[in-house]
Amino acid sequence: MGGSESLQSDHEFMSRALRFARESALRSEVPVGAVLVQDGNVIGGAGNSPIFSSDPTAHAEINTIRLAASAVRNYRLVGTTLYTTLEPCVMCAGAIIHARISRLVFGAYDPKSGACGSVVDLFSEHNLNHHTTVMGGVLQTECSEVLQTFFKSRR
């Protein structure tokens with residue numbers, strides 16, 4: 001896939017993740033959404049739901065990984081790309097690594113808990129046995145606006 005085709009696909013899949021983020025906001029959850037893609041097909045997608053599910057691990061990335069793993073009946077998600085609207089936290093970064101997700105694309109940077117370089121960078125740890133390729137800032141403005149609008153409405 002060429003550079004412009006890849007960027008176009010990245011924007012398309014991030015737009016899908018943004019839909020999940022907006023749905024989360026409607027449920028009064030922090031608006032983060034994610035989709036997992038394999039061979040150009042979405043195999044899982046979800047938004048944040050820790051409040052609804054009373055589960056602190058119910059971040060969009062974890063929910064998406066669970067759905068996708070169930071759909072393909074394998075906890076290893078080799079050859080997949082995870083799109084998420086916010087830089088993953090340490091918990092989600094760990095799950096991404098353990099699931100063997102090949103590529104991570106995120107939108108907004110998280111200066112308070114981001115684990116892709118904003119606070120820590122788990123993905124640059126060479127001692128880990130799996131290495132995920134990371135690209136941040138895809139549709140960054142749109143992803144940031146969803147979060148800013150949500151938190152402004154809470155103040």
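In this predicted model, the largest nonpolar core holds 35 residues, and Met14 and Ile101 touch the most other members. Two or more residues of this core come from each of helix 1 (3–26), strand 1, helix 3 (60–72), strand 3, helix 4, strand 4 and helix 5. Helix 1 gives the most, with five residues.

Ile101 shows what such a position looks like in detail. Leaving aside residues up to four places away in sequence, Ile101 touches Leu36, Ile65, Leu77, Thr80, Leu82, Ile96, His130 and Thr132.

Five strands form an open sheet with mixed pairing, in the order 2-1-3-4-5. Strand 2 (41–47) and strand 5 (133–135) stand at the edges with a single partner strand each, so one side of each has no neighbour in the sheet. From one strand to the next, the twist averages 15°. In general, strands of a sheet pair through backbone hydrogen bonds, in either the parallel or the antiparallel sense.

How many residues of strand 3 (residues 80–86) are buried? Seven of the seven are buried, so strand 3 is largely enclosed by the rest of the structure. Here, buried means under 20% relative accessible area.

Strand 3 pairs with strand 1 (residues 33–38) through five bridges, and the two run antiparallel. With strand 4 (residues 103–108), strand 3 pairs in the parallel sense, also over five bridges. The table gives some of the bridge partners.

| Residue | Bridge partner | Strand of the partner |
|---|---|---|
| Val37 | Thr81 | strand 3 |
| Leu82 | Leu104 | strand 4 |
| Thr84 | Phe106 | strand 4 |

Between strand 3 and strand 4 the chain passes through helix 4 (residues 90–98), and this β-α-β crossover is right-handed. Leu82, whose bridge partner in strand 4 is Leu104, is also one of the residues that Ile101 touches.

**Helix 5 against the sheet**

Which strands does helix 5 (residues 140–154) lie across? Helix 5 lies across strand 3 and strand 4, and runs at about 60° to strand 4.

Conventions
Residues numbered from 1 in each chain as written. Predicted model: local features only at pLDDT ≥ 70, side-chain atom pairs only at ≥ 80, totals over all residues. Heavy atoms only, no water. Buried < 20%, exposed > 50% of the residue type's maximum accessible area, 1.4 Å probe, protein only. Helix = DSSP H or I, 4+ residues; strand = E, 2+ residues; numbered from the N terminus. Pairing = 2+ DSSP bridges. Right-handed = clockwise from strand over helix to strand, strands pointing away. Axes fitted to C-alpha atoms, helices over the stretch in contact; angles between N-to-C directions. Contact = heavy atoms within 4.5 Å. Core = buried A, V, L, I, M, F, W, Y, C linked by side-chain atoms within 4.5 Å.
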